[in-house]
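Visitor: I'm new to reading structures. Could you walk me through one, feature by feature?
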Amino acid sequence: MSQDASLQDPPSLPPEFGAGPLARRNAAITEAPWVRYILIGFALLFLTGFLFLPLATVFVEAFRNGWRLYLAALIEPDALAAIRLTLLTAVIAVPLNLLFGLCAAWAIAKFQFRGKALLISLIDLPFSVSPVVAGLIYVLIFGAHGWFGSWLSDHDIKIIFSTPGIVLATIFVTFPFVARELIPLMQEQGTDYEQAALSLGASGWQTFWHVTLPNIRWGLLFGVLLCNSRAMGEFGAVSVVSGHIRGQTNTMPLHVEILYNEYQFSAAFAVASLLALLALVTLSLKSYLEWRHGDELAATRKH
Amino acid sequence: MSATPVRRARSVIPGFGITLGFTLTYLSLIVLIPLAGIFLKAAGLGFSGIWEVVSSPRVLASLKLSFGAALVGAAINGVFGPLLAWVFVRYRFFGKRFFDAAVDLPFALPTAVAGIALTALYSPNGWIGQFLTPLGIKVAYTPLGVVVACTFIGLPFVVRTVQPVLEEAEKELEEAAASLGATRWQTITRVILPTVLPAILTGFALAFARAVGEYGSVIFIAGNLPMISEITPLLIIIKLEEFDYAGATAVAGTMLVLSFALLLLINLLQAWVRRRNASAR
């Protein structure tokens with residue numbers, strides 16, 4: 001709290017200044033107490049209405065009919081299948097995007113080449129595409145009426161309405177997370193350490209493993225955290241390619257939708273509460289990283 | 001891509017070829033080629049074909065709702081976002097760090113969860129809905145519900161864009177203004193607001209862009225009545241389920257072009273912010 005005091009109220013003056021001209025000058029760059037209380041009040045009211053009440057709703061609705069129904073909704077076979085598929089999707093999508101993020105950041109941060117700015121913009125592209133469109137592009141390619149549709153069905157390969165399609169759509173929507181976290185961080189750090197290690201005889205792989213990786217570990221973890229949270233929670237893109245086959249191509253968010261549309265509200269909110277819990281854990285870890293290792297995350301990071 | 005490292009580092013640091021190669025291959029396979037596919041498919045329809053789909057009343061109504069609700073939601077965030085950023089940067093109060101961290105909740109909460117929670121909250125017997133219903137305000141299953149969802153998901157964009165700019169803003173300028181006889185209100189509107197305005201606009205545009213394409217948190221609360229509360233992404237899915245691939249592609253292509261235009265605008269805004277901040281030093 002105390003280290004960022006300069007960002008907050010003007011420093012309080014020693015008591016001997018009393019309410020003299022200097023004290024007034026400090027008061028001149030802040031608002032009257034009643035204005036402050038009203039502004040803080042409005043801000044917290046807004047947060048409560050838009051963030052805390054929806055979050056509380058999830059848990060209250062989940063437990064509305066008691067613990068036993070809550071647990072029953074979670075261990076029912078279709079729910080378990082959905083949890084398994086969600087975990088499987090994340091386990092494939094997150095490492096792939098992690099590998100991509102590392103490669104992209106290495107190439108962009110450690111070398112100069114033409115078209116770099118364009119490449120960075122292209123990496124961010126998936127964030128500005130509607131999730132539904134993200135799903136649609138794969139249906140147009142791999143779907144029954146898509147370009148490879150007949151070839152795929154001839155060879156008995158199923159991508160759309162099956163796990164590979166769900167994984168692909170998830171990779172697309174979580175594509176930039178790790179890369180956009182690492183690129184500014186590694187750009188800030190430059191190449192001095194790597195050059196020193198290499199000139200002392202380390203191999204390229206040793207340099208990466210013992211020099212680069214320890215420097216970027218918190219940023220890496222940060223990116224993976226956000227990537228995983230989105231991968232497990234993605235709804236729109238996955239909804240387009242999944243086909244909604246219960247117990248087979250249903251991820252947790254899709255399972256929530258099906259239960260909700262069948263008016264099984266308690267069960268829907270029970271599964272939703274697991275996802276909300278994941279969000280809370282992600283947020284806590286993220287805040288902890290920002291608080292504890294903020295200086296080792298990229299200063300130029302944008303959300 | 002001409003891969004000629006200009007630095008001398010070229011000879012020292014290894015792995016340029018393989019990392020850039022993998023980056024470009026992965027990017028092309030996952031993002032660029034599939035996205036290009038949609039434009040190729042849309043081009044096959046021809047301009048008149050696309051226009052025929054997009055100008056149908058149902059699509060037009062959905063575009064109007066998606067863009068209109070996103071605009072209103074972004075505008076609400078354009079007011080409350082800077083307020084939150086201001087309160088977090090300038091004031092001290094109990095639990096500030098907690099509230100500050102909570103702003104990112106819409107990023108972290110899966111959209112479907114947010115969707116059903118907002119619906120339960122604003123339905124006629126929900127915690128908030130029960131107070132609005134006697135006043136004749138219906139939120140759930142109306143376009144107003146779409147606005148609520150758009151506000152929810154857009155909030156962090158504005159707060160997180162404005163907050164760092166406010167933190168960087170120099171208090172000396174405010175002191176100078178005050179010592180020259182400006183009232184606090186004048187200082188806020190003439191000194192502080194111009195400094196953060198570009199950031200507010202950027203946050204507004206980011207929130208808007210996200211809300212336009214949003215699906216999960218909107219469809220539960222929207223009610224999805226054709227012509228009234230049906231958003232464009234849902235219409236794409238409906239067309240797809242009817243095997244109307246051409247229609248879905250035309251609508252999706254239109255949305256893509258609009259969101260890329262927005263992206264360009266955001267980049268220009270951000271460049272403007274950087275230039276202004278640089279020249280203010």
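Guide: Let's begin with a pair of helices. In chain A, the axes of helix α4 (residues 77-110) and helix α13 (residues 252-261) come within 8 Å and cross at roughly 150 degrees. This is a predicted model, where local features need pLDDT of at least 70, side-chain atom pairs count only at pLDDT 80 or more, and totals for chains, interfaces and linings use all residues. Residues are numbered from 1 along each chain as its sequence is written, chains are lettered from A and ligands numbered from 1 in the order in which they are written, and side-chain values use heavy atoms, with hydrogens and water left out.

Visitor: How do I read a helix pair like that?

Guide: Two packed helices are described by the angle between their axes and the distance between the axes. The axes are lines fitted to C-alpha atoms, for helices over the stretch in contact, and angles run from 0 to 180 degrees between N-to-C directions. Helices (H or I, at least four residues) and strands (E, at least two) are DSSP runs, numbered from the N terminus. Angles under 35 degrees count as roughly parallel, over 145 as roughly antiparallel, 65 to 115 as roughly perpendicular and the rest as oblique. So α4(A) and α13(A) are roughly antiparallel to each other.

Visitor: Which residues of α4(A) and α13(A) meet?

Guide: A contact means heavy atoms within 4.5 Å. On the α4(A) side you'll find Asp78(A), Ala79(A), Ala82(A), Ile83(A) and Thr86(A), and they meet Met252(A), Pro253(A) and His255(A) of α13(A). To sort them, Ala, Val, Leu, Ile, Met, Phe, Trp, Tyr, Cys and Pro count as nonpolar, Asp, Glu, Lys and Arg as charged, and the others, Gly among them, as polar. The α4(A)-α13(A) contact then splits into five nonpolar, two polar and one charged.

Visitor: Can we try another pair in chain A?

Guide: Look at helix α11 (residues 204-233) and helix α14 (residues 265-292) of chain A, whose axes come within 10 Å and cross at roughly 165 degrees. That angle is why α11(A) and α14(A) are roughly antiparallel to each other. Among the residues making this contact are Trp218(A), Phe222(A) and Met232(A) of α11(A), with Leu278(A), Lys286(A) and Glu290(A) of α14(A). By class, the contact of α11(A) with α14(A) has 10 nonpolar, three polar and two charged residues.

Visitor: In which hand does α11(A) pass α14(A)?

Guide: A crossing is left-handed if the near helix is turned anticlockwise from the far one by less than a right angle, and right-handed if clockwise. Here α11(A) passes α14(A) in a left-handed crossing.

Visitor: What about helices from two chains?

Guide: Take helix α6 (residues 131-142) of chain A and helix α11 (residues 232-241) of chain B: their axes come within 9 Å and cross at roughly 25 degrees. That makes α6(A) roughly parallel to α11(B). Again the crossing of α6(A) past α11(B) is left-handed. Val132(A), Val133(A), Leu136(A) and Val139(A) meet Pro233(B), Ile236(B), Ile237(B) and Leu240(B). This α6(A)-α11(B) contact has eight nonpolar, no polar and no charged residues.

Visitor: How many helices and strands does chain B have?

Guide: Chain B comes to 12 helices and zero strands. Its C-alpha trace spans about 75 × 70 × 35 Å along its principal axes.

Visitor: How do I use record annotations?

Guide: UniProt positions are given in the numbering used here, feature names are shortened, and annotations may be inferred rather than shown by experiment. UniProt, in an unreviewed entry, places "domain: ABC transmembrane type-1" at residues 83-286 of chain A. That stretch of chain A is 77% helix and 0% strand. For chain B, the UniProt record (unreviewed entry) puts the feature "domain: ABC transmembrane type-1" at residues 63-266, and there the chain is 78% helix and 0% strand.

UniProt's "transmembrane region" feature (unreviewed entry) includes residues 81-109 of chain A, a stretch that is 100% helix, with end C-alpha atoms 41 Å apart.

Visitor: And how do I read the confidence?

Guide: pLDDT is the predictor's confidence in each residue, from 0 to 100. Chain A averages 87, and 89% of its residues score at least 70. Over residues 1-8 of chain A the pLDDT is below 50, and it stays under 50 over residues 20-25 of chain A. Chain B averages 89, with 95% of the residues at 70 or above. Over residues 1-9 of chain B the pLDDT is below 50. For the complex, the predictor gives an ipTM of 0.88 and a pTM of 0.88.
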